[in-house]
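This report describes selected features of one protein chain. The sequence and the structure come before the details.

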Amino acid sequence: MKIDHDKIRALAEEWFSKMNKEIKKGIQAHYGDMPTLEFEYWKLANGPAWCWWVLAIMPLDKVSQQNILSKKSLGERLKAIERILNYMKSNGAF
């Protein structure tokens, strides 16, 4: 299964852009804006910063969040993010 990083980032951006304005303001006050995409992000040991930012703001319980954070592969983390975002989208969360 090929991981489409750009598609997953776009999905995360769509979710954040459609978020309630007050919730979005709180997230930005606490975590800042979504990080821009780094040059050659695939060479970074921990992957792109936006991935970690999205994981920090997702509505997940601590166990689920730790399961994703503990994955050593960027591809595995991206697949998990994509599954969650697609689930939320299909259930009308954005």
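W53 counts as buried because its relative accessible area is 6%, under the 20% cut-off. The model is a predicted one. Its protein chain has an average pLDDT of 94, and 98% of the residues score at least 70. Among the elements of the chain, helix α2 (residues 21-31) has the highest mean pLDDT, 97, and α4 has the lowest, 93.

Two aromatic pairs turn up in a search of the whole structure. F16 is buried, because its relative accessibility is 9%. The face of F16 also has K24 over it, 5.4 Å from the ring centre.

Y41 and W42 form an edge-to-face pair as well. Y41 is buried at a relative accessible area of 14%, whereas W42 is exposed at 54% relative accessibility. The geometry of both pairs is set out below.

| Pair | Centre to centre | Angle between planes |
|---|---|---|
| Y41 and W42 | 5.2 Å | 85° |

Helix α1 also holds R9. With a relative accessibility of 11%, R9 counts as buried. Its side chain reaches the backbone oxygen of P35 at a distance of 3.1 Å. Apart from neighbours within four places in sequence, R9 is in contact with M34, P35, T36, L37 and W50. Between the C-alpha atoms of R9 and I27 the separation is 17 Å, and these two residues are 18 apart along the chain.

Helix α5 covers residues 74-90, 17 residues in total. From its first C-alpha to its last α5 reaches 24 Å, close to the 24 Å expected at 1.5 Å a residue. After α5 comes G92, which has a positive phi near 80°.

The buried residues of α5 are L74, R77, L78, A80, I81, E82, I84, L85 and M88. What covers these buried residues includes α1 (5-17), α3 (49-57) and α4 (62-69).

Key. Residues numbered from 1 in each chain as written. Heavy atoms only, no water. Helix = DSSP H or I, 4+ residues; strand = E, 2+ residues; numbered from the N terminus. Expected span 1.5 Å × (residues − 1). Buried < 20%, exposed > 50% of the residue type's maximum accessible area, 1.4 Å probe, protein only. Contact = heavy atoms within 4.5 Å. Polar contact = N/O pair within 3.5 Å; in protein donor to acceptor, adjacent residues only side chain to side chain. pLDDT = per-residue confidence, 0-100. Phe/Tyr/Trp six-rings, centres within 6.5 Å; stacked < 30°, edge-to-face > 60°. Lys NZ or Arg CZ within 6 Å of the ring centre and 35° of its normal.
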